[in-house]
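Please find below a short note for a colleague who is new to this structure.

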Amino acid sequence: MTRFRAIAVAVVVGLPLVACGTTAQTAVSPERDAAARISADLQFLADDAREGRGVGTQGLEQAAAYIARAFQDIGLRPGGTDGYFQPFELDPRSPALAHTQLGGERVKNVIGVLPGRGHLASQVVVIGAHYDHLGLGTRGYIGFSRDTTGINVVHNGADDNASGTTALLETARNLARRQTPTHRTVVFVAFTAEELGTIGAMYYVEHPTLPTDSAIAMVNFDMVGRMSGDSVIVGGTGSAPELVPLLESTNARYRLNLVKQDDPWGSSDHAVFYGKETPVLHFYTNLHADYHTPADDWEKINVDGIVEIVALASDLVWAMATQTERMTYVAVSRPERTAGPRASLGTVPDMVTPGEGMRVQAVRAGTAADEAGLKAGDVVLRIGDVEVKDIYGLQKALTTYKTGDTVTIVFLRDGERKETIATLK
Ligand SMILES: [Zn+2]
């Protein structure tokens with residue numbers, strides 16, 4: 001079996017190339033321009049001064065203002081109820097907030113519109129990315145820090161999801177330049193409060209700001225900053241039969257290694273749109289050891305990888321916006337819901353585990369998995385009585401058992417079946 005390899009991470013080139021006086025060196029390619037813009041956006045959004053973009057922080061407000069300003073500079077029309085903003089109040093009675101101390105805070109989605117033209121203009125393609133993150137990683141959040149040493153430390157969320165936000169802005173720059181007599185309206189939405197349970201996306205679908213037909217498709221960028229090799233995962237391909245052919249024909253130019261996953265119910269904003277019977281795609285570059293920890297910093301982002309994803313996604317969205325036919329929604333049954341408090345194992349799952357089971361990408365120090373001797377590369381097959389076929393099996397196991405329960409874990413190491421005992425935390 002394939003052993004876990006640390007993700008190779010390109011260090012960002014922080015500044016645009018500077019002309020050095022000789023004509024040969026003054027030519028700057030469009031890719032380098034894009035990388036410089038993405039780096040600048042990323043460094044603003046994932047700066048310590050943004051306070052981890054937690055709900056209720058000035059940093060989150062500053063990020064919203066930055067995105068609105070960028071939409072304006074790009075030439076998008078304001079698509080909110082207050083200019084580019086769609087403000088609303090977090091409802092303390094909402095089930096998503098039941099296990100937090102939050103409620104009553106004012107938050108805002110940020111919405112920019114590229115108006116359509118011709119007979120397709122009343123239809124909409126939505127592109128989204130959440131711009132919030134975990135703030136100080138406190139237990140005010142459902143997804144509080146996975147790193148127990150990280151409580152009350154700024155979680156910059158460079159990959160999750162400053163990366164997707166920069167991809168959203170760069171895709172807007174790319175599409176705003178294109179001209180064609182007929183195309184659908186493209187709506188760019190930076191969602192708030194995703195980390196609390198996709199609250200911004202839920203508010204948006206219940207309060208759409210454009211008097212149009214329903215969205216014909218939604219494309220989500222959530223965690224696109226850690227491209228390894230030239231692989232990008234595209235979730236939701238089972239939500240319409242036209243998506244895979246469209247992805248493949250678009251990718252013929254770029255030749256990225258697309259890891260296609262049918263499931264449209266992944267835990268991010270696109271699932272909310274899919275729940276409204278809209279075909280969806282989710283671009284992402286897998287989980288990693290720094291996921292939801294204070295170590296998710298901009299220095300580790302593969303900016304050139306984001307440039308490549310944006311190039312592909314821009315062509316893809318433009319095809320969705322211009323082709324005459326709408327896509328055909330396909331109903332994919334929702335995986336078993338596993339609500340309620342979750343025990344912690346302390347592994348980072350590999351979202352592209354081949355075959356059955358859940359491959360461990362990393363084991364967090366001091367966790368149940370660490371104490372039970374699990375290692376990166378192990379493939380978990382069973383926890384207690386719960387079979388772990390995929391991510392949903394892992395989630396089910398961790399809601400079936402409670403903190404303090406002792407369970408037998410069956411796993412593969414180098415192809416050999418093994419067992420260990422773990423006490424969940
Ligand atoms: Zn997250």
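1. Confidence. The model is predicted, and its pLDDT averages 89 over the protein. A score of at least 70 is reached by 89% of the residues.

2. Over residues 1–26, pLDDT stays under 50. For this stretch the model has 34 contacts beyond four places in sequence. Where pLDDT is low, predicted coordinates should not be read in detail.

3. Geometry of a helix pair. Two packed helices are described by the angle between their axes and the distance between the axes. For helix 4 (residues 158–176) and helix 8 (residues 303–322), the axes come within 9 Å and cross at roughly 50 degrees. Angles from 65 to 115 degrees would count as roughly perpendicular and those under 35 as roughly parallel; helix 4 and helix 8 are therefore oblique to each other. Their crossing is right-handed.

4. Residues at the crossing. Helix 4 contributes Ser163, Thr166, Ala167, Glu170, Thr171, Asn174 and Leu175 to the contact. From helix 8, these meet Ile306, Ile309, Val310, Ala313, Ser314, Val317 and Trp318. By class, the residues of this contact comprise eight nonpolar, five polar and one charged.

5. Asp33. Asp33 and Val307 are 274 residues apart in sequence, yet their C-alpha atoms are 9.7 Å apart in space.

Methods. Residues numbered from 1 in each chain as written. Predicted model: local features only at pLDDT ≥ 70, side-chain atom pairs only at ≥ 80, totals over all residues. Axes fitted to C-alpha atoms, helices over the stretch in contact; angles between N-to-C directions. Helix = DSSP H or I, 4+ residues; strand = E, 2+ residues; numbered from the N terminus. Parallel < 35°, antiparallel > 145°, perpendicular 65-115°, else oblique. Left-handed = near helix turned anticlockwise from the far one by under 90°. Contact = placed C-beta atoms within 7 Å. Nonpolar A, V, L, I, M, F, W, Y, C, P; charged D, E, K, R; others polar. pLDDT = per-residue confidence, 0-100.
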